[in-house]
Structures are given as C-alpha cells and as structure tokens.
Amino acid sequence: MSIDAFSEHFAELQDPRQTAKVAYPLFDVLFLTLCAVIGGAEGWQDIEDFGEAHLDWFQKRKLFPNGLPVHDTIARVISRLDPVQFQHCFLNWMAAVSKRCEGDVIALDGKVLRGSYDRDNRASAIHMVSAFSCANGVVLGQVKTDAKSNEITAIPALLSMLDINGCLISIDAMGCQTAIAAQVVEQGGHYLLAVKGNQERLSNAIREVFRDVLAEEQPIASIEQSRGRIEVRQYYVLPADAVARAFPEWKGLSTLGVAIGYRRDNKGKESLEYRYYISSAPLERATFANAVRSHWGIENQLHWVLDVVMKEDACQIYREEGSANLAAVRHIALNMLRSERSKKVSIRRKQKIAAMNSSYLEQVLLSGFNEVDEK
C-alpha cells in the first residue's frame, strides 16, 4: 500500500510543527495512526505498540527510516492538527470514493465523546455531528461542536459541506428547524424531520390530521420477534397540503408521516410510541417506512460500533484537538473496514485480522481508497 493515495486526499493538512524540528514526517505519523486504529488501537500507547510490531512493514514502504516516534510525540502531532482542515480532507476523500443514487437516505445525528471531558479546565465533553450514508453504511462527514445545544448550529455547517442533491436527509427532532429544512431544499435534497415538542404548534396540527386516519384505517403492521421480545410497527403517510398552507415557513412541505411502535420485552413490560414526521419528498408508505428504519442505522451501525467495538466512550483523550481528530480517524478506519467485503465477519474480527496480518491490512486500505459501491 503506497502512502501516495492517502497523502493525495489529505494534502491540505498543514503540519503545526516548526520545519526545522520535524523528525517524523506528518503523513508518516498520520498513516501510522490510521493503520493502528484499523488494527484496533484505542489510544496513543496502542498506536506506538502497533507501529513497533509492524515497523518492518512500514519501513519497506519508506516510512519511518529512522525508527518510530514515542507515543507522546504521536499524541502531540495528532492533537495539534486543525480539525476543520481534517474534516475538509475527510470530505474530499469521501467525495472521491463514495457513490450515491437518487433517493439515498443520509442520516444526521450527534454523539457525545464521554471520555473527552477536559479534567484540567472542566470543559464539557465534545459533541460530534455525523452524516451517515444508510445505503453504504459509511460516514460522509462530521463536525465538532462543544455541547448538545449547539447541534442546531452544527447541522447547517455539516450540510453545507455535503453534496446532498437528490438525497433524503433524515434528522431527529433537534434538527426540526425551518432554516435547516430550507437549506436542505436549496441544496437540492429532501428533508425528513422528526417533529416533537420543540415545534408544538406543528406537532399538534399533524396529530389532528392523523386522528381520524388512525381511528378508521385498517392497520398494516410489521411484526418482529427476538429472544422473547415482540415489536410491532405501523406506518402512515398523508399529503401535507392543509398543514403546508397553515405553516408556509416550512419550505417545500409535501408529506406528513407517523410511525407507531409497540414493544413488549421478555419481562412483559409494554410500551407504545407515536413518532410524527414532515418531509419535502412525496413519500409513499413503503418509502417512508424504509427511510424511518434506515435512520436508525446511524445508531446501530455507527454509534454502537464506535462505543462497543472501538471503545470510543472509554477513550480518555481530551487535550487540545486530540479527541476530535482521533474521532475522525476512527470514522476513516470504520469506513475502510466496511468497504472491505471479502471477509463476511464482524468489524471487530476484521480489526483483529488486520492487526495480525499485514496483507489483510493492505487489503482494507486499498478498499478504502477505491470507489464505494452501493450495497
């Protein structure tokens, strides 16, 4: 695997160190960090250990001719990189390798990196808002914000970086804002926004429209059973004509939807939830149901994997920009591991194989720099 493809996509990154004091090239350190995270590294010491175990492999590719940096040096280099530049490089890479089709669902959601709480300055843990391609199972981009309340400002910043033409942008209730809906439409996409109490008048109007439909229409439900748990889901859609006239501030409003979920766990505890949505796309019931279900892919395929497999919440890195930049590296690594499809095994097992087998590591890297086809 040549470092050329990697350095091409990340050439915008500026080295924060004084040129005269650079002992280890920036791309050597960054490439090592990526390879180590692909192989399951969770912190700076792990990255150094991975490099020591694979030093011959790196040096055969003309990296680290004078040996490896210690983990403190790796930490200083990665933590001082400009996270905004890093995100732009990430976006350039994904724009070059990802392929999307008309109607793709792109889910936007935020996640707190709990281990990034700054104990020295008592600063809040950082919050990353990510865009996730539900069809391909890859992260398309992400931005950092400092608190959950700032997700409203982070979403427009992330959207402005993405090519969403022809895509359906799915966002939870936090992003149900008129300005965000207008931005999605202006960029050539469609929105699917969950509506809750933060838009009380709109929520009440949608509930009123669906009242008679839910009372009269024959239910069409999907039923799932697993380990004693039963889940029943129903979906309904209606044209938004009357609501759109009453709420003209919602640009392009075309469809109203409701997803009803009934659940009984293996202890007999029951719950019933109604979730209401608005969309600028003329959605049919099946399309709406698929989009709602697809949105949860960002929780199951991204956030869960980051926490449970890559141990993101347990990572106690918080100084400077280390937590944000290492989070971006995890996203790159996860995208590459997902793109490598020759082995039908879990992400964790792929990491273990890559850590033990440099040939498979090369295969993962090559898959990451090739075009990602839709599943």
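Predicted model: local features only at pLDDT ≥ 70, side-chain atom pairs only at ≥ 80, totals over all residues.
The largest pocket holds about 450 Å³ of space, and a search of the whole structure finds zero disulfides. Helix α12 bends by about 30° at H303.

**The largest pocket**

- The space inside the largest pocket comes to about 450 Å³, and 16 residues line it.
- Nearest the centre of this pocket you will find E231, R233, R263, E273 and R275.
- Four elements each supply at least two residues of the lining: the strands β7 (229-239), β8 (255-264) and β9 (270-279), together with the helix α11 (285-295).
- Strand β7 gives the most to the lining, with five residues.
- By residue type, the lining divides into eight charged, five nonpolar and three polar residues.

**Cysteines**

- As a reminder, a disulfide is a covalent bond that joins the sulfur atoms of two cysteines.
- Searching the whole structure turns up zero disulfides.
- C134 has a relative accessibility of 16%, so it counts as buried.
- C167 also counts as buried, because its relative accessibility is 2%.

**Helix α12**

- Helix α12 covers residues 297-309, and its end C-alpha atoms span only 16 Å.
- A straight helix of 13 residues, at 1.5 Å a residue, would span 18 Å.
- The helix bends by about 30°, and the bend is at H303.
- H303 is itself buried, and the buried residues of α12 also include G297, I298, L302, V305, L306 and V309.

- Most residues other than glycine have a negative phi.
- K62 has a positive phi of about 65° although it is not a glycine.
- You can find K62 in the loop between α4 (55-60) and α5 (71-79).
- K62 counts as exposed because its relative accessibility is 76%, and the cut-off for exposed is over 50%.
- K311 is another residue other than glycine with a positive phi, this one near 55°.
- The loop that holds K311 runs between α12 and α13 (322-339).
- K311 has a relative accessible area of 37%, so it is classed as partly exposed.

**Buried residues and their partners in space**

- F6 lies in helix α1, which is made of residues 4-9.
- With a relative accessibility of 2%, F6 counts as buried, because buried means under 20%.
- F6 and F369 are 363 residues apart along the chain, while 7.8 Å separates their C-alpha atoms.
- A36 sits in helix α2 (residues 26-38).
- The relative accessible area of A36 is 0%, so A36 is buried.
- A240 belongs to the loop between β7 and α10 (241-246).
- A240 is buried, because its relative accessible area is 0%.
- A240 and G257 are 17 residues apart in sequence, and their C-alpha atoms are 9.2 Å apart in space.

How values were computed. Residues numbered from 1 in each chain as written. Heavy atoms only, no water. 1 Å grid on protein atoms, 1.4 Å probe; cavity = no way out; pocket = protein on both sides within 12 Å on 5 of 7 lines; lining within 4 Å. Points joined across faces, edges and corners; volume = space filled by probe spheres on them. Nonpolar A, V, L, I, M, F, W, Y, C, P; charged D, E, K, R; others polar. Disulfide = S-S within 2.5 Å. Buried < 20%, exposed > 50% of the residue type's maximum accessible area, 1.4 Å probe, protein only. Expected span 1.5 Å × (residues − 1). Bend = angle between axes of the 7 residues up to and from the residue.
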